Amino acid sequence: MQNLTRTLKKLIYFWNRTQVPIKQPVRISKIDKLIISLICIVISIISSYKLLLVSNLQSSVIFSWVLSFSEVLISCLFLILVSRKENPNINSRQILLIISLLLIVQAIKSIFVSIHNPLSIIVPPALIISQGMGSITALTWVSIASLSWPDSLIKINSNLLLITLTCSCFVSVLGGKIRSRAQLLQLSIFVPFGAFIAQWILIRNEKISLTDNQEFFASNGQIFSDSLLLAIIMLITILFIPIFESIFGLLTKARLLELADKEKPLIRRLSIEAPGTFEHTLLICGLAEEATRMIGGDIDLIKTGSLYHDVGKLHAPNWFIENQDGSINPHDEIDDPLKSAEVLQAHVDEGLKFARKNRLPKPIADFIPEHQGTLKMGYFLHKAEEKKLKINESDFRYKGPIPQSKETAILMLADGCEAALRAMDINASDHEALETISKIVNSRQIDGQLDDSNLSKGEVFLIKKSFLNVWKRIRHRRIQYPTTKNNTFS
Ligand SMILES: [Fe+2]
Ligand SMILES: [Fe+2]
């Protein structure tokens, strides 16, 4: 009986570890839902209305129209679902971008009946979507755009369709991984070149029917001009990607890496005016990056987010302990816990102002309030209690919100552990370090700070382990290496 209870307890323990806190999806307003639904209906109409343009409108024709209409409508809804699944924080503007691109492509197909090469109309939008929303969303978009045609597929050469699908899938997969504008430019050369070779091999001597009564052979010149057109449109698309980034709030890998450049004016200011905070930021970057790698999160996002999380401290660097360098602590001088709490909250508010001024994308700006969540300012609350002041606990808590993503939650945990790990004795054992980390992480978990982050208990465990690994590395660096008699390193 005891064995059975023990086994049951173990099973419940493992079950609990894998559970993820329930997270509310990002809300889309009713008006946005209405606009998105209307665009989906328009796409379905454009993609199917030609079936009704027959002289003899029989019930079978109406039935096939209903079928085609519903097929496209369901595909649109599926596309939205996939994009929300891949990007839990996707907003209505970004969903609008995805379906508007589909609407434009379907309209072009419908207006220009004689599309003899669909490469130039499907590949460039796939590049935008993969860069901004990820490969899976782009692949879903590509499959709908490639397979749903207002006119019968007979009018498009099947080999050409296959080449289009292959190129678009290739762009979708690579577009989601590419981390620099230079690589994007390379893609805009290699994809059209690949498409040219494939067309030259597969369809050079094949008949391509454009309309019902017109047929011709795709000449070498035709294939070359189509591929050149694709290259030009892809280059223009790449030029326009930064505009899409600012209008639709897209965060591409290239933009993330640009923002992570330590020569950016705001980061340079942080390193000069608040060197202690800058050092703290760099250590946090290491902790957060390791933990994110361990749970398979977005490493580029957390690296950039960590860099900017405390930029608000620039408004009053010497009010934060890491920048005081043994000088007088202004908090002791004012001796007012409530005012001190206001100064701490100000590093979040001012940080958001800096983010707005420097046009930081929303996912990066989110790190500023979410890394503090609604944490208690324990030190000053304790001081206020000691002074027997009449206070509300809420005055000594950050205004939040609590972390809304795995990445901001990891940053909150790294922020909490950084000072404790830095202060730890180099002779401390791994067990002691893990205990310190666990104490800090568990206190935030019990306080409900991780409730909206979507981190499972198993992931929290992995995060603690990765913090320990980073601490081991720091300890290793701090141990002085012995030198040989000749003072040379062996
Ligand atoms: Fe902070
Ligand atoms: Fe911090």
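This is a predicted model: local features need pLDDT of at least 70, side-chain atom pairs count only at pLDDT 80 or more; totals for chains, interfaces and linings use all residues.

Me: OK, and which residues of H20 are buried?
Reply: Those are Ala-433, Ile-437, Ile-440, Val-441 and Arg-444. They cover an arc of only 90 degrees around the axis, so they sit on the same side of H20.

Me: How many residues does H20 have?
Reply: It has 17, running over residues 430-446. From first C-alpha to last, H20 reaches 24 Å, close to the 24 Å expected at 1.5 Å a residue.

Me: What follows H20?
Reply: Gly-448 does, and its phi is positive, near 80 degrees.

Me: At what angle do the axes of H19 and H20 cross?
Reply: Roughly 140 degrees, and the axes come within 10 Å. That angle makes H19 oblique to H20. The crossing is right-handed.

Me: Which residues meet there, between H19 and H20?
Reply: From H19 you have Met-412, Leu-413, Gly-416, Cys-417 and Ala-420. In H20 they meet Thr-436, Ile-437, Ile-440, Val-441 and Arg-444.

Me: Switching topic: how far apart are the axes of H3 and H4?
Reply: 10 Å, with H3 (residues 59-86) and H4 (residues 92-111) packing at an angle of about 145 degrees. Their crossing is right-handed.

Me: And which residues make the contact?
Reply: On the H3 side, Cys-76, Leu-79, Ile-80 and Ser-83. H4 brings Ile-95, Ile-98, Ile-99 and Leu-102.

How values were computed. Residues are numbered from 1 along each chain as its sequence is written. Chains are lettered from A and ligands numbered from 1 in the order in which they are written. Helices (H or I, at least four residues) and strands (E, at least two) are DSSP runs, numbered from the N terminus. The expected span of a helix is 1.5 Å times one less than its number of residues. A residue is buried if 20 or more other C-beta atoms lie within 10 Å of its own, exposed if 12 or fewer, and partly exposed in between; C-beta atoms are placed from the backbone. The arc is that of the directions from the helix axis to the C-beta atoms. Axes are lines fitted to C-alpha atoms, for helices over the stretch in contact, and angles run from 0 to 180 degrees between N-to-C directions. Angles under 35 degrees count as roughly parallel, over 145 as roughly antiparallel, 65 to 115 as roughly perpendicular and the rest as oblique. A crossing is left-handed if the near helix is turned anticlockwise from the far one by less than a right angle, and right-handed if clockwise. Two residues are in contact if their C-beta atoms, placed from the backbone, lie within 7 Å.
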